[in-house]
Structure formats: structure tokens, C-alpha cells
Amino acid sequence: STTFDWQDPLRLTSALTDEEIAISNMAREYCQERILPRVLQAYRDEYYDRDILIEMGELGLLGATINGHGCAGVGNVAAGLISREVERVDSGYRSGMSVQSSLVMGGIDEFGTQEQKERFLPGMAKGKILGAFGLTEPNHGSDPGSMETVARPHPTKKGVCLLSGSKTWITNSPIADVLMVWAKLEGRIRGFLVERATAAPGTLSTPAIKDKNGLRASITGMIMLDGVEVPEENMFPDIEGLRGPFSCLNNARYGIAWGTMGALEDCIARARTYALERRQFKGNPLAKYQLVQKKLADATTDAAFGLAACLHVGRLKDKGLCTPEMISMIKRQNCDRALVNARNLQEIFGGNAVSDEYGIGRHVANLFVTQTYEGQSDIHSLILGRAITGVQAFC
Ligand code: TGC
Ligand code: FAD
């Protein structure tokens, strides 16, 4: 067709394979029919329904890019399209999925032993084993290299480490079965798979952080470790330093770039409907006014450009040609543009924007979080600035 489609302005669909379109449609149907009806109450109650991961597992949406171990083995573009559909409903649901898929399953797939992969990945792919990723600490967020959590060799038990320290703002931690904890062993950052079921009483706690004003449909907490015994078969054997956690983050940040465009597309659709229905001044719909049209034009353009960039980076990623800086670029740009546009579109709703029934305020609050986690936007500016100038500006 040669007509303009405001829901797909640059014809992203024309650049997708039949398989990618089928996966996207399947994810959309699930998200719109099964999780959209739950989100308003979940957000009000600050409740994360753990069954969502089981349902996603049944559809093959978890760890979707991983080959084998019960995972779907799809390409990076298909995985991005899944994130977009989940976040079209709510960033918190995409968050729970991202942590499970990109950070924890992705980390185990990339750095785990064969035994670790076989032990964790099939159950995680089904959503039966739930994961959390513990990097951020109370005193070290943007600068995880300064982390204080330590692993010490057990004084008497050979091949066992004792983990002590605390992690905060950890998605899924209160309900996770396996916590991927990054800690310093002899001064070097190493990755550990801490299993809740085997931790001695009193050594591990994962309190929830309540009363959030964003991402309320996702569960967030701390990880408090006080001499948790972790056997060496639960440590990643070969990866040392920040390259471990940052490699996991590359995949998750890529997914956020797609996801935030889904949230923005939902804001556009809601604002367009409202602008066509609401009438002010001589019975005219708000959509007739030029200032309102500009808000819709800006947001629709940014969503289309953001998705085109994601598609391009996804294709490069499939060919092994994607760099972390490309991911910083699309993560930063898409989170920033989604947040700015969502805030502008919120104005179209006038006072009704304040009612949670209209959905727009929820996206605005969530998108602030997406701009903050996995590297706040200014941190990604500095990553790009370093790559452009060769001079590092972090400290
Ligand atoms: P720097 O000197 O830059 O690097 C240290 C080592 O790491 C390697 N590296 C990477 N490797 C793979 N991919 C990347 N993207 C990498 N970036 C760096 C680097 O090559 C080096 O390796 P080696 O072998 O030479 O040691 O480290 P720095 O300490 O100067 O880093 C600065 C900075 C700002 C880039 C970094 O600390 C940063 O990105 N900060 C942001 C922190 C962050 O993103 N935290 C995320 C926490 S997890 C989370 O938020 C999950 S939310 C999930 C959800 O709910 O959806
Ligand atoms: P800070 O590092 O204190 O930064 C505060 C501000 O200062 C930011 O704007 C930052 O850009 C700026 N700043 C810092 N340093 C510089 C500098 N050198 N130059 C210029 N500006 C600078 N973490 C996990 O490990 N796992 C999770 O699952 C996880 N889930 C999260 C879920 C939620 C809901 C939230 C809110 C956070 C989550 N995080 C998680 C933590 C998140 O990654 C951190 O909040 C984020 O990395 C920022 O760290 P910080 O909050 O300590 O902010």
C-alpha cells in the first residue's frame, strides 16, 4: 500500500520477515488480551503477578534469542519486537521479562558452565525459576566498579565462598529463586548465582522496596548478603571485571530501546483517540488544533525514527557487527524521546491526565525509570562522548 499509516509511518513492517511479523503479532495478542486487562489494578496495588512469567514462558518469550535449553532461538529483531509489545502495555512488565531473559538467562548463557546452563536455563525459559540481577548498591549506582560487596574464600570449606554486602533497586529480587550477584573476590569483580533455596537461614534477605512512584507493576527490592555460602560451581568460571555485568547489560539496554518505543506508541494512540473525542471551543475536537497536532506529529516522528534505529542495530547485532556505543545511542535517545513526548502528550488530556484510568500518567512515571536504570541517559552521553573524543569524563 502507498497510503500513510500513522501506526507504522515508515513502514517498519515492510522490513520484517514473515517470522518476525508472526512473533510480533503473537506477542501483541498475548499482551493486549492477557496483561493489559490486569495492569491498572496491578499498578494501583503495586503488585507484580508472577504468573505472567509462566505465561510468557509457555509462549516462548523468555530468553528468546538463546539457542537450545528450551529457548526459542529467534533473532535480535524478533526479541526487540517482543519487548515493544510488552512495554506497549507497561514498562514494569517488560522490566520483569528483561531481567529474566537478557540479564540473568543471557548472563548464564554467555558466561555459565555447561552444568549451570542445564541446571537453570530450561526452568527459566518456562518461567518456573525466576531470576534477579544484582549490580547496583546503595552507594554505587552509575559507578558499579566501586562496589563494596565481597566474596571471601570460606575459612574451612574448600571451594565455597562467603558473600557479604548489599544490593539495592533490584528488579524481581523479593520473589527471585536465583540471584545473579556481582561481587569482588580478591579485588576482581566476579559473578555468582545465589540460590534462595540453599542459603542458610539469616544469611540472605530480599526485602521489597515499597511505595514507588513509577514502575509499580514490577516488583523491586534489595539483596542483603551476610556471609551467604556459595559453592564454586555457582560462580562464573572465566569472566572477571565489569565486562561480565556490562555484557549482560548490552542485551537488556538494546531491549529497552525497543520497549520504550512501544510505550510511546501506546501514548500516541491514547492521545490521538482522546484528541478526536474531546471537544472544546465551538464543538471542535482538540485534534483540530494545530498545537495538538504538533504534539502528535513530534511523538509519531520520534517513535518511527526510534524503531527504525532499533531495527538497524538489531540487524547489525545478528551479524555480530553491533558495538556497545550503538546500544548506548539507541537506549539514550529512545528513553529520552519517549519520556519527553509522553509528557507532552499527557498535556492533551488536561485534568483527565491526572486520572489513572487514562493510562498516560502511568507511562510517564514508568518512562522516567527507563531513562534512569541500565545507565542513566547522561551516563550514556558520557559513554558516547568518550567514544567520540577518546577522552573519558566520568571522574
Ligand atoms: P570501563 O573502564 O568503561 O570498563 C570496565 C571494563 O568493562 C568493559 N566494558 C564493557 N564490556 C562489554 N560491554 C560494555 N558495554 C562495556 N562497557 C565497558 C571494558 O572493556 C572494561 O573491560 P576490561 O576487561 O578492560 O576491564 O568502566 P568504568 O568503571 O569507567 O565504567 C563507567 C560506565 C559509566 C561506562 C559504567 O560504569 C556504566 O555503564 N554505568 C552505568 C551502570 C549501569 O548501567 N547499571 C545498571 C544496573 S542493572 C539495571 O539497572 C537493571 S534494570 C533492569 C530492568 O528492570 O529492566
Ligand atoms: P547515581 O549514580 O547516584 O546518579 C544520580 C545522578 O547523577 C544521575 O542523573 C546520573 O546520571 C548522575 N551522575 C552520576 N555520575 C555522574 C558523572 N560522572 N557525570 C555526570 N553525571 C553523573 N540495578 C540493578 O543492578 N539491577 C536491577 O534489576 C535494577 N532494577 C532497577 C529498577 C528500578 C525501578 C530502579 C529505579 C532502578 C533499578 N536498578 C537496578 C538500579 C539502576 O540501575 C540505578 O538506579 C542507576 O544505574 C543509577 O544509579 P543511582 O540510582 O545510584 O544514581
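**Exercise 1.** At what angle do helix H3 (residues 76-89) and H7 pack, and how far apart are their axes?

The structure is a predicted model, in which local features need pLDDT of at least 70, side-chain atom pairs count only at pLDDT 80 or more, and totals for chains, interfaces and linings use all residues. Residues are numbered from 1 along each chain as its sequence is written, while chains are lettered from A and ligands numbered from 1 in the order in which they are written.

*Solution.* 
- Step 1. Helices (H or I, at least four residues) and strands (E, at least two) are DSSP runs, numbered from the N terminus.
- Step 2. Axes are lines fitted to C-alpha atoms, for helices over the stretch in contact, and angles run from 0 to 180 degrees between N-to-C directions.
- Step 3. H3 and H7 pack at about 140°, with axes 8 Å apart.
- Step 4. Angles under 35 degrees count as roughly parallel, over 145 as roughly antiparallel, 65 to 115 as roughly perpendicular and the rest as oblique. H3 and H7 are therefore oblique to each other.
- Step 5. Asn-76, Val-77 and Gly-80 of H3 touch Cys-310, Leu-311, Gly-314, Arg-315, Lys-317 and Asp-318 of H7 (contact: C-beta atoms, placed from the backbone, within 7 Å).
- Step 6. This contact has three nonpolar, three polar and three charged residues. Ala, Val, Leu, Ile, Met, Phe, Trp, Tyr, Cys and Pro count as nonpolar, Asp, Glu, Lys and Arg as charged, and the others, Gly among them, as polar.

**Exercise 2.** Describe how H6 packs against H7.

*Solution.* 
- Step 1. The two axes come within 9 Å and cross at roughly 155°. That angle makes H6 roughly antiparallel to H7.
- Step 2. H6 passes H7 in a left-handed crossing (the near helix is turned anticlockwise from the far one by less than a right angle; clockwise would be right-handed).
- Step 3. By class, the contact of H6 with H7 has 16 nonpolar, two polar and four charged residues. Among the H6 residues in it are Tyr-254, Trp-258 and Arg-272, and H7 contributes residues including Val-292, Asp-302 and Lys-317.

**Exercise 3.** Which elements supply residues to the shells around ligand 1 and ligand 2?

*Solution.* 
- Step 1. Of the 26 residues around ligand 1, the nearest are Ser-95, Gly-145, Thr-171, Phe-246 and Pro-324 (near: C-beta atom, placed from the backbone, within 6 Å).
- Step 2. Helix H4 (91-111), helix H6 (243-277) and helix H10 (377-389) each give at least two residues to this shell, and H6 has the largest share, six residues.
- Step 3. The shell around ligand 1 holds 13 nonpolar, 10 polar and three charged residues.
- Step 4. Ligand 2 is surrounded by 21 residues, with Leu-135, Thr-136, Gly-141, Ser-142 and Gln-376 closest. Two or more residues each come from strand E3 (131-134), strand E5 (160-171), helix H9 (360-372) and H10.
- Step 5. By class, the shell around ligand 2 has 11 nonpolar, eight polar and two charged residues.

How values were computed:
Two residues are in contact if their C-beta atoms, placed from the backbone, lie within 7 Å.
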